[in-house]
Amino acid sequence: MDPRTHVTVGRCALVALAALGVACGRERAVDGTTTPAAPSGALVPEGFTAEEVRALGAYSPVPAAPLDPTNRYADDPGAARLGQHLFFDERLSKTGAMSCATCHDPARSFTDHDPVATGVLPLERNTPALWNVAHQRWFFWDGRADSLWAQALVPFESPLEHAFTRSEVVRVIHDDPTLRALYEATFGPLPDMHDRRRFPAWSRPVPADDHAHVLAAQHAAEAAARASERPSATHQHHTVDGVAVNDWVHPHQRAWDWMHPMDQAALTRAFVNAGKALAAYQRKIVSRRAPFDVFVEGLRERDPAKLAALDASQQRGLRLFIGRAQCFNCHHGPHFSDLEFHETRAPGAPLSDPGRARGLEALRRFEFAGTGEWSDDREGPARDKLDYLPVHTHAGREFKTPTLRNVARTAPYMHNGALATLEDVLDFYADRVNVAPDSGSGERILAQPLDLSAEDRADLVAFLRALTDEALDPALCAAPR
Amino acid sequence: MTDSLVSMGCLPRNHAARLRRRLGVGALGVVVTLVLIGASCADAASGGAAPTVPAPAVVELPARPGLALSEPRAAVTRDGLYRMTWRPSEGFVPINEPFELEVTVARNDETRAPIADAEVVVTCEMPAHGHGMLREPRSEVLGEGRYRVRGMLLHMGGHWTVAVTVLVDGVASTADDALDL
């Protein structure tokens, strides 16, 4: 045979084998069509339907934190370092013994494990964990803040939480060489807080009819009644000879009113920058590689070893979660939350707490809203987010859907911390016992009990435990050295 | 065969003619190769004598759930007066992301005359859940019976009813539709 013939035969064989390779690389999809073997398709493991697997694409991976145009320092390393200092600084409270980390304790998955939080005074609601908090659309259980930096400012001046003032927050930064250097390297000069005439102690604007102040007044009245004492100056009103005096002005407001408007603005600017620094730090609190995420990676990469990240019980729980148990209705997306509000009728929820309805009212008059003067982008996404909020709210007592990332580490549960364990939560949703009274606007789909066996519930809890990833850089879990 | 290989992307077209010229000389090689392919495919198709592991099924894994709607939806108002069309601006209704609608309003008669300078209101409800959107979208007039509705957000998957209402001279007419996300 001509040597060229050997070459040609060899080439033909190679071409044909290449064609065979392509043919064998095509795998049969469940709908009968062929799908290229490129890693664009996901495996359908035994026991799952194609539709179930398709649905999982929306749950993992956790994307990068969305940009926050209202905070131009959101991804500034210097701001984040200052924010980390502030997060753990107990001087930023009336008692000098309470920091953000007191309730959002890294050792407790950035929560406190108490049913409801306790600041200087008891609060009404459970402390939410901070995992992936930069992805939230609204903040607090009632969504009364629309950005992370704005949320971070509220507890400082709440009489229930830090019971502090913006003047004292700025003064702590001003008087601490480390904090001051970090602040001024990023944000520029601080106001001259040594000048006590321009910047009097304990000054802040006190919002009228603010719910935290109403609660603080109630606490004070109860304490006074117990002690058979006259109400203290924390009351919004006092009496003279039994007659209410209506021109009473809160001492913090009185000090604030003494200030020149330009000094008020300079002080508030520095306070806002502290909030933006805290947000820059909190954007680093990320959980994105739980066993569930490894499992979804295994689907995408068709890697059996990664599919083994979920055991059989957890896989059954996952199928229930996105199927018959209907958890997915509210808990969908990479954070297992729609980031919006629902009435779950949690047991023991006080009927006096209207949740989102009051949050919306507070948001409309919020000093630090994303469309306000302290925002770095008033007309961008913040405008789109706030402009179409409902004016016509209904009567439901709605609260934000919490993320389920690290949910096994953030007990107790519900907005009022009424349920101690994940098993209790499953029983509550499955059996609908001990539900709070119906406002008439509750989630109708939650009204019907679910047909979940004891094994189903155990599988669901097993799956929820597979959403755990607390592998955060330890350097982020304490004040910087 | 060379045409098939070209169409499968395995063989550049300019090499195909050269291969065809050589096929006469290399026919033995082709025959041998085809026999090999045939044997392999027969194995794959029938399972062969030896046990084989079936190819696992694969599916696409979309990261952004929602409903593709490239063509406008059309509906006539309950009172029969107007014919409305609506479509998402990007041809896609996402779940739990803001989006916009483009709406047209015309008379439901032989003139199909566009209704300009009206007000369009879109409301969506989830009957199974007992609630609607957590936003109140608003419309702007684009002219010639066209409107843009901003502020839409359907925060959950499932069955949504869609009511597109047009306010003409103070009188409301509503067209009904539905979406399954």
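Me: What should I know before reading the values?

Reply: This is a predicted model, where local features need pLDDT of at least 70 and side-chain atom pairs count only at pLDDT 80 or more, while totals for chains, interfaces and linings use all residues. Residues are numbered from 1 along each chain as its sequence is written, chains are lettered from A and ligands numbered from 1 in the order in which they are written, and side-chain values use heavy atoms, with hydrogens and water left out.

Me: How many cavities of 30 Å³ or more does a search of the whole structure find?

Reply: A cavity is a set of points, on a 1 Å grid over the protein atoms alone, where a 1.4 Å probe fits but cannot get out; lining residues have an atom within 4 Å of a point. Grid points are joined across faces, edges and corners, and a volume is the space filled by probe spheres set on the points. The search finds two of 30 Å³ or more.

Me: Which residues line the second largest cavity?

Reply: Its lining includes A:Phe341, A:Glu398 and A:Ser441, and also B:His131 and B:Leu134. By class there are two nonpolar, four polar and three charged residues; Ala, Val, Leu, Ile, Met, Phe, Trp, Tyr, Cys and Pro count as nonpolar, Asp, Glu, Lys and Arg as charged, and the others, Gly among them, as polar.

Me: Is A:Phe164 buried or exposed?

Reply: Buried means under 20% relative accessible area, exposed over 50%, and partly exposed in between (1.4 Å probe, protein chains only). A:Phe164, at 5%, counts as buried, whereas A:Trp202, at 31%, is partly exposed.

Me: Which residue has its charged end 4.8 Å from the centre of the ring of A:Trp138?

Reply: A charge sits over a ring if NZ of Lys or CZ of Arg is within 6 Å of the ring centre and within 35 degrees of the ring normal. At 4.8 Å, the residue is A:Arg356; the charged end of A:Lys385 also sits over the A:Trp138 ring, 5.1 Å from its centre.

Terms used:
On a 1 Å grid over the protein atoms alone, a cavity is a set of points where a 1.4 Å probe fits but cannot get out, and a pocket is an open set with protein on both sides within 12 Å along at least five of seven lines; lining residues have an atom within 4 Å of a point.
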